[in-house]
Every structure is written in structure tokens, then in C-alpha cells.
Amino acid sequence: PSLCRQLKEHQKCVTLGDHLYRQCREELLVIDGQLDPHVWMDVALWIRCIDPIEWALSEKDPEHKAAFQKNGAELKAQLLKVHAQIYEQMQAVPESKRFLVTSHDAFNYFARRYLSTADELGSHSWKKRVAAPEGLSPDGQLTPRDIQEISAHIERYKVSVVFPESNVNQAALMKVLDVCQKRGHKVRIIDGSLYGDAMGESYAQMMLH
């Protein structure tokens with residue numbers, strides 16, 4: 001908390017999360033009593049951070065305001081295409097297969113925006129589309145109950161693959177797979193990795209990946 005206060009007070013720091021909290025608080029997710037910070041997993045929501053970046057740069061360097069505005073507009077257009085592409089690809093996956101099990105709880109915004117149905121959005125039942133043995137922070141204490149709950153989720157929705165993350169140890173997922181296999185449910189872990197709290201070459205490429 002003290003570090004957060006220092007950052008907010010720093011003249012060279014723009015807190016994008018605070019901007020989103022003021023502008024669209026109702027769209028932010030609260031998971032287990034905590035604000036879910038993984039907002040960038042919803043491209044359409046993260047696009048709203050472009051404006052405060054543009055404003056801050058223009059204020060500090062007004063001579064190049066037109067360039068910042070041009071670049072901001074181009075980036076919005078690019079990311080809207082990325083958003084549409086992800087939505088189209090994910091919605092093409094059969095509804096019965098559209099479930100995501102990952103290492104830790106970083107994909108709630110992604111699941112809500114791209115994996116859920118219109119009915120699930122209205123009833124807030126989209127949460128069944130995503131599950132993880134570890135919480136919002138991957139360094140939490142994993143309990144046997146956590147493993148049992150995710151294993152039961154995998155069996156209930158007949159999930160056949162789970163996805164590791166690039167910067168999270170796979171130990172938790174391996175424990176889940178072991179429990180599932182002992183129960184006779186076949187499930188495998190993919191060879192590649194998702195990016196949750198880590199990024200590839202660019203934000204757009206990370207999301208498309």
C-alpha cells in the first residue's frame with residue numbers, strides 16, 4: 001500500500017487502474033473480495049487506458065499533441081480489430097468446449113468477454129467458463145480443497161486440456177491432473193503456455209496468442 005501511494009504521488013506516474021476505477025467501476029471484477037487487476041485481458045476494456053496516456057503525454061509535451069492523438073487513434077483501431085478477432089475465434093469454439101482452466105486466476109476478464117454466452121453475461125453465470133487452482137496471486141498457499149474443487153470442475157464440464165502460464169510454476173496443475181487421472185478422467189496439459197501476467201513482443205500479440 002505504501003508503494004502504491006508513492007506511485008500515485010509521483011509526478012511521472014500515471015495510474016491507469018485508478019482511471020478505469022473512476023470511469024467504469026461497474027465493469028471491474030471483484031474476486032474473493034479483491035479487485036481483479038487483470039483488466040488487460042479484456043481488450044475492449046483496456047482500450048480505455050489509451051486516452052489517459054495520450055492526455056498525460058500531451059500535457060508534458062504539448063508540441064507533439066497532434067502526434068500523440070494520431071498514434072492513440074491508430075492504436076485504438078488496431079486493438080478493436082484484435083478484440084473482434086479474439087471474440088470471433090473464441091465464439092467459434094463449441095459452447096460445450098469453451099472452458100478455460102489455467103494455472104492461476106488471471107483470466108476472468110477474458111472469460112467474461114470472449115468465452116461466455118449472452119445469457120451467461122446477463123445472469124453472471126459466465127464464471128463457470130474459467131477456473132484455476134491458484135487465486136489472483138500465484139504465490140498463494142494451495143490447499144487440498146483447491147485441488148479437489150478444480151478437479152471437480154474439470155470433470156463436471158468434461159474439460160480435456162488445461163493451460164499452463166509462462167511465468168507460473170506448473171506444479172499446481174500437475175497435482176490437479178494427477179487427481180483427475182486417478183478418478184478416471186483423461187485430461188492433459190498443453191505443450192505451450194499462455195501469457196497472464198507476462199507479455200510477449202507486444203500487447204496485441206500477447207492477446208492474440
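At what angle do the axes of helix H5 and helix H6 cross, and within what distance do they come?

## Helix H5 against helix H6

In this predicted model, the axes of H5 (residues 65–91) and H6 (residues 108–115) come within 9 Å and cross at roughly 75°, where axes are lines fitted to C-alpha atoms over the stretch in contact and angles run from 0 to 180 degrees between N-to-C directions. The two helices are therefore roughly perpendicular to each other, a label for angles of 65 to 115 degrees.

On the H5 side the contact (heavy atoms within 4.5 Å) is made by His-83, Ile-86, Tyr-87, Met-90 and Gln-91, and on the H6 side by Phe-110, Arg-113, Tyr-114 and Leu-115. These residues divide into six nonpolar, two polar and one charged.

## Overall build

The protein holds ten helices and six strands, taken as DSSP runs of at least four residues (H or I) and at least two residues (E) respectively. Its C-alpha trace spans about 65 × 40 × 35 Å along the principal axes. Of the 209 residues, 39% are buried, meaning under 20% relative accessible area with a 1.4 Å probe.

## Cysteines

The structure holds zero disulfides, a disulfide being a pair of cysteine sulfur atoms within 2.5 Å. Cys-24 is in none, and the nearest cysteine sulfur, that of Cys-49, is 7.9 Å away. Cys-24 counts as buried because its relative accessibility is 0%, and Cys-180 counts as buried at 0% as well.

## Basis of the values

Residues are numbered from 1 along each chain as its sequence is written, and side-chain values use heavy atoms, leaving out hydrogens and water. Local features need pLDDT of at least 70 and side-chain atom pairs count only at pLDDT 80 or more, whereas totals for chains, interfaces and linings use all residues.

Definitions and conventions:
Angles under 35 degrees count as roughly parallel, over 145 as roughly antiparallel, 65 to 115 as roughly perpendicular and the rest as oblique. Ala, Val, Leu, Ile, Met, Phe, Trp, Tyr, Cys and Pro count as nonpolar, Asp, Glu, Lys and Arg as charged, and the others, Gly among them, as polar. Buried means under 20% relative accessible area, exposed over 50%, partly exposed in between (1.4 Å probe, protein chains only).
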